[in-house]
Amino acid sequence: MSSTHNQEKLKELLTQYYLNTNEKMVFLNKKGQVIALNEAAEEVFSEDNDYSQMTHAICRRCEGYSNEFDLMSCENCFLEALEVGNGSFQVFMRTKDDKIEPFTASYEVIDKTKEIYAFTLHNVSPQIERQDRRYQRLMMQKTISAQENERKRISRELHDGIVQELINVDVELRLLKYQQDKDELIDNSKRIEGLMSRLIDDVRNLSVELRPSSLDDLGLDAAFRSYFKQFEKNYGMHIVYHTDFSSQRFDSEIETVIYRVVQEAMFNALKYAQVDTVYISLYQGEASIIAEVSDQGIGFKLGDKAKGTGLGLFGMNERAELVNGSVNIDSQVGRGTIVTLEVPITDKR
Ligand SMILES: Nc1ncnc2c1ncn2[C@@H]1O[C@H](COP(=O)(O)OP(=O)(O)OP(=O)(O)O)[C@@H](O)[C@H]1O
Ligand SMILES: [Mg+2]
């Protein structure tokens, strides 16, 4: 008696739940036809379509689900591939007002003999937005910290290199005043000359590394040629450079991205590859520019712990994305590394 009463109560509660919840609930038969749906579910499965007549009602509104390979995929559809009964996943559905929204979904058998399935959806847009904001904040922190590191490096370079040399020159010049012996005067002047020319080189190197004026004035090819020459001289690295373009100009943002990505890849090869030659090629595809930096060095596994800060590869991708480009890193331990940047060509200058 009381158990019937309990069942009645439960039925009533479940019905209330079904009618009032924000959870979208759809009951389907084994052909994927809708048997019943609650009001919340009508946001996705619109009323003006008679879904009970259609098979695979879910598929008609589904834009794919998330798996470990893709954000939105239809491959190995959860409806077929997942063992029914423990299917919980993220899915994108087209809503009644034609927006594509993310949901956590579950798909379960609720009646084995009659083969009835329940499909439920929870809207997770707010959580995803929050996650996105958190991700953006993280990226911003990384960018700021990379900028800060770069400033520290420049400041160190100025302080330890250039300022020290200037102090030397200053001391030498002071001593020069008291120099009576003409031969010594000449010797000392020559030494000062030497110090000065080293200083000029240092400042020039630093300024080229920061922002080569040739990149703005003459374009990528010229800027690269002079940079490579300097790189070879400074680091004793041999650079083999091939290109099929010379004086073409591209959008200045694109030129900067290519320059920086190549620069970072060269430094990585210099620091980690254990080689004395780096190969660089720059060519124009049908609608894109392709820059490739490769070495035949020790290689590495993507995802392994970085030997340095590990911000370089991340920065390359970020820069490439700024101009709708992409970076591909192909590295094999013991064989070497190929970094390929591809940037679609937009407006030519
Ligand atoms: N050409 C290469 N050969 C061998 N290992 C490499 C090469 N390029 C990158 N690596 C490895 O990948 C890691 C990540 O490189 P990434 O440029 O992201 O960071 P980093 O060079 O360590 O730091 P940063 O670029 O900020 O100075 C490196 O620490 C190194 O272990
Ligand atoms: Mg690096």
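Two strands are said to pair if DSSP finds at least two bridges between them. Helices (H or I, at least four residues) and strands (E, at least two) are DSSP runs, numbered from the N terminus. The model is predicted: local features need pLDDT of at least 70, side-chain atom pairs count only at pLDDT 80 or more, and totals for chains, interfaces and linings use all residues. Residues are numbered from 1 along each chain as its sequence is written, while chains are lettered from A and ligands numbered from 1 in the order in which they are written.

Helix 1 covers residues 2–20. The expected span of a helix is 1.5 Å times one less than its number of residues. Burial is judged by counting other C-beta atoms, placed from the backbone, within 10 Å of a residue's own: 20 or more make it buried, 12 or fewer exposed, and values in between partly exposed. The number of buried residues in helix 1 is zero, so helix 1 lies largely in the open.

**Strand pairings**

| Strand pair | Sense | Bridges |
|---|---|---|
| Strand 1 (residues 24–28) and strand 6 (residues 116–123) | antiparallel | five bridges |
| Strand 5 and strand 6 | antiparallel | eight bridges |
| Strand 7 (residues 238–243) and strand 8 (residues 277–284) | parallel | six bridges |
| Strand 8 and strand 9 (residues 288–295) | antiparallel | six bridges |
| Strand 9 and strand 11 (residues 336–344) | antiparallel | eight bridges |

**Strands 1, 5 and 6**

Strand 6 pairs with strand 1 and also with strand 5. L28 stands opposite Y117 in strand 6, and F103 stands opposite N123 in strand 6. The hairpin of strand 5 and strand 6 has four residues between the strands. E115 lies in the loop between these two strands, and its phi is near 50°, a positive value in a residue other than glycine. Most residues other than glycine have a negative phi. With 13 C-beta neighbours inside 10 Å, E115 counts as partly exposed.

D111 belongs to strand 5 (residues 100–111). Is D111 buried or exposed? D111 counts as exposed, because it has 11 C-beta neighbours inside 10 Å. D111 and N29 are 82 residues apart in sequence, yet their C-alpha atoms are 9.7 Å apart in space.

Strand 8 pairs with strand 7 in the parallel sense and with strand 9 in the antiparallel sense. Y241 has I280 in strand 8 as its bridge partner. Strand 7, helix 8 and strand 8 make a left-handed β-α-β unit. A crossover is right-handed if, with the strands pointing away from the viewer, the path from the first strand over the helix to the second runs clockwise.

Strand 8 and strand 9 form a hairpin with three residues between them. The bridge partner of L282 is A291 in strand 9, and A291 in turn stands opposite L341 in strand 11.

F224 lies in helix 7 (residues 220–235). F224 is buried, because 24 other C-beta atoms lie within 10 Å. F224 and L282 are 58 residues apart in sequence and 10.0 Å apart in space, C-alpha to C-alpha.

**Ligand 1 and helix 9**

A residue is near the ligand if its C-beta atom, placed from the backbone, lies within 6 Å of it. There are 19 residues around ligand 1, of which N268, A306, G308, G312 and L313 come nearest. Helix 8 (252–273) and helix 9 (311–322) each supply at least two residues of this shell. Ala, Val, Leu, Ile, Met, Phe, Trp, Tyr, Cys and Pro count as nonpolar, Asp, Glu, Lys and Arg as charged, and the others, Gly among them, as polar. By class, the shell around ligand 1 has nine nonpolar, eight polar and two charged residues.

N324 is placed in the loop between helix 9 and strand 10 (326–332). Phi of N324 is near 60°, a positive value in a residue other than glycine. N324 is exposed, with 12 other C-beta atoms within 10 Å.
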